[in-house]
Amino acid sequence: MTELVFRGATVVDGSGADRYRADVTIAEGVITAIAAQPVRVPAARVIDADGLVLAPGFIDMHAHSDLRTLIERDHPSRVTQGITCEVLGQDGLSYAPVDDTTLPALRHQIAGWNGDPEDFYWDWRTVGGYLDRLDRGMAVNACYLVPHGTVRMLAMGWENRAPSRAELDRMRETVAQGMREGAVGMSSGLSYPPGMYAGTDELVELCEIVAAYGGYHSPHQRSYGAGALAGYAEMIDISRRSGCPLHLAHATMNFGVNAGRAEEFLALVDAAVVEGCDISLDTYPYLPGSTTLAALLPSWSAEGGPDATPARLDDPEARERIRRDVEERGSDGNHGMVVDWGTIQISGVQSSELADVVGQTVAQIATARGVTGTEAFFDLLRADRLGTTILHHVGNEENVRAIMRHPAHTVGSDGLLVGARPHPRAWGTFPRYLGHYSRDLKVLTLEEAVEHMTGRPARRLRLDRRGLVRVGYHADLALFDPSTVHDAATFEDPRRAAVGFEEVLVNGVAVLSDGKPTGALPGRALRRTEERVTAL
């Protein structure tokens, strides 16, 4: 028996083609028929989809759910906005591959991204082991990128230098092993330690390995501020030299120095594509960014790992050197820009004793305490053990709109799911594209917006029979009302579910039904094989 029929849906199929009306049938987790005439077959459930859009499930190309998908397995932030697949292992820092030395350091370093639950069972060390853990049950599918910074930790710790030949060979083999175990590519975090200590040649050699296995490189580049164009040029050069496809993560041009300069960045991309480079990118549809407060520190202050940084904050000479970098010279951790404390807003803290600072800017905290902004910065870092997260109000609307129109564009939420007031993009990115930027502002047509969220990322990931509404494709689908869909999450209330989604299917199983999460866990790790990315 057919499991499900969507009756009279407006199909936007993910290819960019015009919408059309059809009945769509699902059986055994696969789309079995798409018919212009009403389908008359026995069905367990028939959904009246008149006036609703049926699209492929959305693919989040930049997610930070590495732990949350294992802890809160029904994953409401994803299923309520139509996401059926997310790409983990971002920004060069995640939890596989690790050993007993690197895992505690990583847990400390990225606690602000993912939390660090005391009772969580860390029963993997390899990429394959992590993917096996995902396969025990989650709401949505997931792909994984080998994180370069984590690989570098395994080979040479937190040292700020070029690797020896033996260390680089170990990194190459570690990346290769991760690719063999199912990763779809490699991420790098070049404004986060220890990845920021890597030179261009190191990244070229590692990207050669990624390319040999059919993967792609997804860098958080060195600067989105003063050195943004140079940073993008370096990433393109790495792609050109290594032959590795390039996916530019959260491709933004931020800070006042870059206002209105998106076209310069896009010209770099277009010229490289003409030369033969394979380039894609993703963005989120908001102006503020989000990261940890500790990310603003200069790179030298993080040498030796998270335990070394607090000691430098207590050393008068080192503290003064940090102050000069952040206040006068422009810290490389702040993209080469002098920090404006009025743009740094606290979104989450690890220590409950600091709960009162959430929502305030560092400038406001400093005024209330009668200290300078940098002194307040130091005090917060020490009191919260480097675990504070922030919103960084440095975006430019003209740039956001220009980049989302580009033919290489896909969508990534870059959303953190922990903290008292995380960025609303974790819950609102995809409906914001559909509602605010497509329906209301008409920056993209509905067909274009859906293609950016589905067909394009599926091609980049080389997903097997996913990303389109086609007969024989896996039934990863989202049904929504195009007239009402919108993001309800706000900066004041960031965990509000999206409006307008009726049904979401993952592998043919409803994870959202009648607008409510079902608690079903049909998601699987999608692993790179010889030819495609598929579930085992």
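The chain has 18 helices and 22 strands; helices (H or I, at least four residues) and strands (E, at least two) are DSSP runs, numbered from the N terminus. The radius of gyration is 22 Å, close to the 24 Å that the globule rule gives for 536 residues, so the chain is as compact as a globular protein of that length. That radius is taken over C-alpha atoms, and the globule rule is 2.2 Å times the number of residues to the power 0.38.

This is a predicted model, in which local features need pLDDT of at least 70 and side-chain atom pairs count only at pLDDT 80 or more, while totals for chains, interfaces and linings use all residues. Residues are numbered from 1 along each chain as its sequence is written, and side-chain values use heavy atoms, with hydrogens and water left out.

**The chain as a whole**

Along its principal axes, the C-alpha trace spans about 80 × 50 × 50 Å. Of the 536 residues, 62% count as buried, where buried means under 20% relative accessible area, exposed over 50%, and partly exposed in between (1.4 Å probe, protein chains only). The accessible surface comes to about 18500 Å², and 49% of it belongs to carbon and sulfur atoms. Such areas come from the Shrake-Rupley method with a 1.4 Å probe; for residues, only the protein chains shown count as cover. Among contacts between residues at least 6 apart in sequence, 75% join residues at least 24 apart, a contact being heavy atoms within 4.5 Å.

**Pockets**

A pocket is an open set of points on a 1 Å grid over the protein atoms alone, where a 1.4 Å probe fits, with protein on both sides within 12 Å along at least five of seven lines; lining residues have an atom within 4 Å of a point. Grid points are joined across faces, edges and corners, and a volume is the space filled by probe spheres set on the points.

The largest pocket holds about 200 Å³ of space. Its lining includes Arg 107, His 108, Asp 116, Gln 350 and Arg 385. By class, that lining divides into 2 nonpolar, 4 polar and 5 charged residues. Here Ala, Val, Leu, Ile, Met, Phe, Trp, Tyr, Cys and Pro count as nonpolar, Asp, Glu, Lys and Arg as charged, and the others, Gly among them, as polar.

The second largest pocket holds about 160 Å³, and its lining has 3 nonpolar, 2 polar and 4 charged residues. Among the lining residues are Asp 278, Ile 279, Pro 407, Arg 456, Arg 459 and Arg 460. Strand 12 (279-283) and helix 18 (455-461) are the elements that give two or more residues to this lining. Helix 18 gives the most, with 3 residues.

**Backbone features in loops**

Most residues other than glycine have a negative phi, and most peptide bonds are trans.

| Site | Value | Loop |
|---|---|---|
| His 75 | phi about 50 degrees | between helix 1 (68-71) and helix 2 (76-79) |
| Asp 414 | phi about 55 degrees | between strand 16 (409-411) and helix 16 (425-440) |
| Ala 96 and Pro 97 | omega about 0 degrees | Pro 97: between strand 7 (83-88) and helix 3 (102-109) |
| Pro 193 and Pro 194 | omega about 0 degrees | Pro 194: between strand 9 (185-189) and helix 8 (200-212) |

His 75 counts as buried, at 0% relative accessibility. Asp 414 is also buried, with a relative accessible area of 7%.

**An exposed residue**

Glu 398 is found in helix 15 (residues 397-404). At 53% relative accessibility, Glu 398 counts as exposed. Glu 398 and Asn 254 are 144 residues apart in sequence and 11 Å apart in space, C-alpha to C-alpha.
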